[in-house]
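Hi,

Here is the structure I promised to pass on.

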Amino acid sequence: MTAFTANDHAMMARALRLAERGAYTTKPNPMVGCVIAQGEEVVGEGWHERAGEPHAEVFALRAAGERAKGATAYVTLEPCAHTGRTGPCADALIGAGIARVVAAMRDPFPQVDGAGFEKLRAAGITVESGLMEAQARALNRGFLSRVQRGRPWFRVKLATSLDGRSALASGESKWISGEASRMDVQRWRARSGAIVTGAGTVLADDPQLTVRLGDDTPFVPPLRVVLDPGLATVARGRVREGDAPTLYLHAPDAKPPRGLQAQTAAVTVREGRFDLDAVLRLLAERGVNEVQLEAGATLAGAFLGAGLVDEVLLYVAPVLLGERARPMFDGLGIDAMTQKLKMSIVESRYLGEDVRLLLRPGSPT
C-alpha cells in the first residue's frame, strides 16, 4: 500500500474541492478536479466544467505551462485514455512531462477502466491511486451507480412535520418547510440529472420541477420525468413549461398524442404499477446519473419498498400536522418491529428553523 504524505492529502483535498465546482454542469460526465504541484507549490489547477469541453487535467496543464515538467498531477479520477468529445488526458499529461500522477480512484467507465494508468506507466510516469478514494466515490456516486449498477443514484426528497406527516389529508403540502429549505432543494435539483414525479402530484400540485437558484450560477436543467400510465397529464400542467426537457413514462398500451411521441416512453406495467427498476434503467440509458424523486407518499413508498432508494433528503419542520395528515411513505406493510426499515443519518444541518437530514437505508457501518 502506498504511503501518501500530508502534502499528498492536502493536494488531493484541494482537487476534490475543485471537482465539486462542476456538480451542476458536468452531467452526465463525472466531476473531476486536478492539481499540478512542484512539491508543496501549486503550479496549475482546474476542474471539468462542462460535458463536451476540456477535462480537468487540460485546464490544469494550461495553467501550469512549462512548470508541469517533472511535477506531480493530483487527479480525483483516473485520466482518460480514449478519444471522445475531447482527446485523451493521459496523452496530455505525458506530453507535458508530468513525472508522477496520484489518482483518487480508478475510472470504471469501460473505455477507461485502467487503460489510463497503463498508458501513463508505459510512458515512464509513476502512478499511484487510492488516495482519498472514499471521498472521490461519494462525490461521484451518481456516475458510479450508472456505470457499475446500470441505474442512477436514487434520492427521495421529502418535507415533513415533527409528527412525520408530509401533507394534509386534502393533499395540501405548501409550505411545510421554510424558505431556507426550499432554496436548498434548488441546489439538490441542480445537481440531479432527472427529477421524477407522479401523475397524482402533477394533478394535485401542478409543480414546475425546474431549478431556480436565484443567481447566475450555471447549471444543466435536469430532465423532468412524469410517471403517468395513461398519459392523463400529458397535455396539461406547468411541468411542460420552460426550457427544461420533460419526459412522460407510460404503460405500453397508452397512445401518446401526435407530435409528443419524442417526449414519451413506454415502460412495463405490472398489476397497474410501473416496473420501477425498469424506469431507472431507462433513465440510466439516457445518461442520468442522479435522480431526485419529488412525489407523494404512494410513489415514495413504492420505491422504498422495492429497495431502490439510495438516500432520503428529509427536511423536518418544527410543526405538527396531526393524525389525519398523510405519512411520508405509504404501502410499506410493516406490521412488526422486526420488519422495520433502518436508516442511517449521514448528515444533519440546520436550515433556518428546519433540520435537514441526509439518510441512507441500513444501519451505520
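Below is what turned up for the cysteines, the aromatic rings and the charges over rings.

First, the ground rules. This is a predicted model, where local features need pLDDT of at least 70, side-chain atom pairs count only at pLDDT 80 or more, and totals for chains, interfaces and linings use all residues. Residues are numbered from 1 along each chain as its sequence is written, and side-chain values use heavy atoms, with hydrogens and water left out.

Cysteines: there are zero disulfides, a disulfide being a pair of cysteine sulfur atoms within 2.5 Å. The closest cysteine sulfur to that of cysteine 80 belongs to cysteine 89, and at 3.7 Å it is too far for a bond. Cysteine 80 is buried at 6% relative accessible area, and cysteine 89 is buried at 1% (buried is under 20%, exposed over 50%, partly exposed in between, with a 1.4 Å probe and protein chains only).

Rings: the whole structure gives one aromatic pair (Phe, Tyr or Trp rings, using the six-membered ring of Trp, with centres within 6.5 Å; stacked is under 30 degrees between planes, edge-to-face over 60, tilted the rest). Phenylalanine 154 and phenylalanine 303 are stacked, with centres 4.3 Å apart and 25° between the planes. Phenylalanine 154 is buried at 0% relative accessibility, and phenylalanine 303 is buried at 0% too.

Charges over rings (NZ of Lys or CZ of Arg within 6 Å of the ring centre and within 35 degrees of the ring normal): arginine 21 has its charged end over tryptophan 47, 4.8 Å from the ring centre. Arginine 182 sits over the face of tryptophan 175, 4.4 Å from the ring centre.

Cheers
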